[in-house]
Amino acid sequence: MDFQIKEQYFLVGGAGSGFGRAIAAALAAEDAQVLAVSRTEEKLIELQKSFPKQIKYIAGDITTAEVHEMIMKQLVGKKLSGVLVNAGGPPTGQFEEISMEQWEQGWNTVVKWKIQLIKLLLPHFIDNKYGRIVFIESVSVKQPVANLILSNSLRPAIVGFAKTLAQEVAGNGITLNVLAPGYHSTAAMERLFKKKSELENISIDEAKHAFEKEIIVGEMGTPEEMAVLALWLLSPLSRFVTGQTFSHDGGIVKGI
């Protein structure tokens, strides 16, 4: 399938591992140009070696104003086609475990930096009369996940933000959509396995099996599988889709 993104320019957050890396690699494999951002420079170097002509990178924390400045400098003279808004999530925990300081940090980690980044990027998209903005959040925006009170509470704010902004900028050829991944083979799931094993006094393998029992297709998803959906949402082919939240969850969401 031709996604019609050859030579288009994309910004990808969290590109060192997991969903971000899989999506950056998928874009590069389609001959798109990618500015990959991650705190782990060694992983970015490895990614760039796989796609030396397509990948440039910034090693730093995409949630910070300092890295936002670095991104904007890289965009000078370039036509940005799309952005994958993605970074690590908040810590696991139940209500009584989470301090007010962690709630404040959770706001910064999950919500604040994303709004700040879009404020900076939106004028580029408006000037170009084109843009694809995709947020990676969590299945927790569809139904709560045990031991993730910060994610369950704060991530829905981005869904509301994306839905509202999508309506405000639709006439400019700009779309905003949210990916809500369920249980995939990523480092984030490893943290959930560990938390469940501690709370229930079971082994990591038993905790993993308990999560897998919720997945009606029978096993964890992979970042590469979700990357195909992200690729389409970041492409011109998704013109008629905006303000939507897509579960990629193997069937664990029970709501209609």
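A helix here is a DSSP run of H or I at least four residues long, numbered from the N terminus. Keep that in mind as we look at this predicted model.

Let's start with the open space. The largest pocket holds about 980 Å³. Several elements give two or more residues to its lining, including α1 (18–29), β2 (33–38) and α4 (100–128). The biggest giver is α6, with 5 residues. In total, 41 residues line the pocket, and those nearest its centre are Ala-87, Gly-88, Gly-89, Ala-188 and Arg-191.

| Class | Residues in the lining of the largest pocket |
|---|---|
| Nonpolar | 16 residues |
| Polar | 19 residues |

α5 has 21 residues and spans 31 Å from its first C-alpha to its last, close to the 30 Å expected at 1.5 Å a residue. Quite a few of its residues are buried, among them Leu-150, Ile-158, Phe-161 and Val-169. What covers them? The cover over the buried residues of α5 includes α4, β5 and β6 (174–181).

The structure has 1 aromatic pair, and the partners are Phe-135 and Phe-161, sitting edge-to-face with 6.2 Å centre to centre and 80 degrees between the planes. Phe-135 belongs to strand β5 (residues 131–136) and Phe-161 to helix α5, so the pair ties together parts that are 26 residues apart in sequence. Phe-135 has a relative accessible area of 0%, so Phe-135 counts as buried.

Technical notes:
Residues are numbered from 1 along each chain as its sequence is written. This is a predicted model: local features need pLDDT of at least 70, side-chain atom pairs count only at pLDDT 80 or more; totals for chains, interfaces and linings use all residues. Side-chain values use heavy atoms; hydrogens and water are left out. On a 1 Å grid over the protein atoms alone, a cavity is a set of points where a 1.4 Å probe fits but cannot get out, and a pocket is an open set with protein on both sides within 12 Å along at least five of seven lines; lining residues have an atom within 4 Å of a point. Grid points are joined across faces, edges and corners, and a volume is the space filled by probe spheres set on the points. Ala, Val, Leu, Ile, Met, Phe, Trp, Tyr, Cys and Pro count as nonpolar, Asp, Glu, Lys and Arg as charged, and the others, Gly among them, as polar. Rings of Phe, Tyr and Trp (its six-membered ring) pair if their centres lie within 6.5 Å; planes under 30 degrees apart count as stacked, over 60 as edge-to-face and the rest as tilted. Buried means under 20% relative accessible area, exposed over 50%, partly exposed in between (1.4 Å probe, protein chains only). The expected span of a helix is 1.5 Å times one less than its number of residues. Contact means heavy atoms within 4.5 Å.
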